[in-house]
Amino acid sequence: MTVLACVQWPPPGQEVAPPPPPLPGFVISSFGPLVAHIAGQCLHQRHGAAPPVKGTVAGRTGVVMVSARGDMATAYAVARAVDRGDRVSPLLFFQTALTAVVGRVAVRWGLAGPVVCISPEDHPLGDGLAEAASLIADGDADEVLVVLPEQGASPGDGDAALALIVSGRTVSDCTVSDCTVSDCTVSDSTVPAGQEGIS
Amino acid sequence: VITGLAVISAFGRGIPPLLDHAFAGEPAFTQVTRFDVSRRRARAAAHMPGAPVLAQELASTVDKACADAGLTVAERASCPLLLAARADPADLRHQANGRPPGSPATMAAAIAAQCGLSRLVRAYTGACIASSTAAAAAASAIRSRASQRIAVAAGYLVDADQFALFDAARALADDGQVRPFSKGRRGTLLGDGVVALVLESASAARLRGARVLARLAGWGRAGDAHDVSRPHPGGAGLGRAIRAALNCAGVTASQIGYVNANGTGAVHSDSSESAALRGAFGRTVADVPVSATKSVHGHALEASALLELVMTLLALRTGRLPVNAGFIEPDEQCPLNLILQRPRPASARYALTLNAALGGANTALVVAAP
């Protein structure tokens, strides 16, 4: 498997990052803006400034989102509103579905491949790359954007994310050295052998 | 191949209530009693009585599916679990009291431990395509020989948070019925669904003399890249998912004898799906019987695709195609060969089951008689 682009958040050298830019239509939570921002940076690295034309490689790019708990800030906001009997914003309907922010990225960049969202138990990067390899091996995608966002305890605090664009059908040879982008370091460097039993 | 199955729906536990009522087109929607809906625009859902707990229902359903497949203790111990579910909303409330929240993956790990399954687990969280994506991932891993046997489970129980969200977005039918592909449809309604399947390679099943219920013969996944909240009006992504699934199964559209449609009862979604089917089937779309069984069991969100896969499998096994309930009159945007009024007899060998999620994510699965 080859890593074609790679971006991390907070950016290298910054322990605490500023909040990601706002994302129209997504409120309350930093999750959607973070996903859109880091995915956009990664796609920019791969394709340049302009969104690629449909029918190019982006049209056969899938997206795998890997997040243990997903958008917790939105989930808490909904739970609080329901328990208090407050009105629930219709905007939250869209952003509680993890596929919605992925759709936002897909529309912007013309990504017409499959969308897979997973919650990994122990090996987020390994599970994400395994899903990506499976989509490519099945012929549903040529490249896959793998996004790994996790929210901090409070809004915007401690959010972290990694985004990669990968190609290839096997994950066994994927290591940090395959990440060709120099400013990207991946601590969870190899696909754990135990995870190969799933896909 | 699929060798084990267990299911819970608003109709009750197991397969017989589905065959007796869901197939006949008797909707399970009633006024919600599980939580307060007095402030909501819509009031109905398809839910079981009482307050079932998702993790408990999932564990018992996975256990039953493994027993149905006849798995030994050793076979269970080497069987990974793929789970499609969101974290239990009750867990969010506990977290507010200082306990760390569970994730869908930790729920999967606990269920696997309870059922004596392998520690290899993964949870799928992609909303309405979560469980079809899990089923496709399992089938793909088995076909590529990475695994010989995988348990796939999915669960959603109608809850106050999702009800409030769907209601706020005016996505729920305020007339208390889901009317897929019908003129006058007013939206969807939520429904309980807890489902588990055991998938394994044909050779592994043969070796242990397992009964084969059906084959998951093909799978396709594709995105619309069109809009966050509305599907592509021509069904572009779903059409590509259908073609990919047919190609994967090695069958043509003319060999498909039944389509279990996504059919949420939403205006744009149903017309988009009709366009996808017309595009993928061409002129033969008029020949293929279609029904959307959300019209009887409701929309089970993360579990919807697996519940509909079970309905599709039962249709192939019984030779009865389930009814598309709630139909008032034809919609020119949805010119499909709908199964109305009573189940239709059929001798289909192959069937399609379709699903789509917000953001334009689509899946198609081809189910084959054994």
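Strand 3 of chain A and strand 6 (residues 121-124) of chain B pair across the two chains in the antiparallel sense, over three bridges. Strands pair here if DSSP finds at least two bridges between them. Ser119(A) has Ala123(B) of strand 6 as its bridge partner. The model is predicted: local features need pLDDT of at least 70, side-chain atom pairs count only at pLDDT 80 or more, and totals for chains, interfaces and linings use all residues. Residues are numbered from 1 along each chain as its sequence is written, chains are lettered from A and ligands numbered from 1 in the order in which they are written, and side-chain values use heavy atoms, with hydrogens and water left out.

**Interface of chains A and B**

- Contact (heavy atoms within 4.5 Å) links 51 residues of chain A with 55 residues of chain B.
- The buried area is about 4300 Å², and carbon and sulfur atoms give 60% of it. This is the accessible area (1.4 Å probe) that two parts lose on being put together, summed over both.
- The rule finds five salt bridges across the interface. A salt bridge needs a side-chain nitrogen of Lys or Arg within 4 Å of a carboxyl oxygen of Asp or Glu.
- Asp83(A) and Arg93(B) form a salt bridge through their side chains, at 2.9 Å from N to O.
- On the side of chain A that touches chain B, helix 2 (72-84), helix 3 (90-96), helix 4 (98-109), strand 3 (115-120) and helix 5 (124-137) each supply at least two residues. Helices (H or I, at least four residues) and strands (E, at least two) are DSSP runs, numbered from the N terminus.

**The six-strand sheet of chain B**

- An open sheet of six strands has the order 10-18-17-11-12-15, with mixed pairing.
- Strand 10 (215-223) and strand 15 (337-338) are the edge strands, and each pairs on one side only.

**Strand 17 of chain B and its partners**

- Seven of the eight residues of strand 17 (residues 350-357) are buried, so the strand is largely enclosed by the rest of the structure. Buried means under 20% relative accessible area (1.4 Å probe, protein chains only).
- Strand 11 (residues 256-260) runs parallel to strand 17, joined by four bridges. Tyr258(B) stands opposite Ala351(B), and Val259(B) stands opposite Leu352(B).
- Strand 18 (residues 361-368) runs antiparallel to strand 17, joined by eight bridges. Ala357(B) has Ala361(B) as its bridge partner in strand 18.
- The hairpin of strands 17 and 18 has three residues between the strands, and Gly359(B) takes a positive phi near 95° there.

Conventions: Buried means under 20% relative accessible area, exposed over 50%, partly exposed in between (1.4 Å probe, protein chains only).
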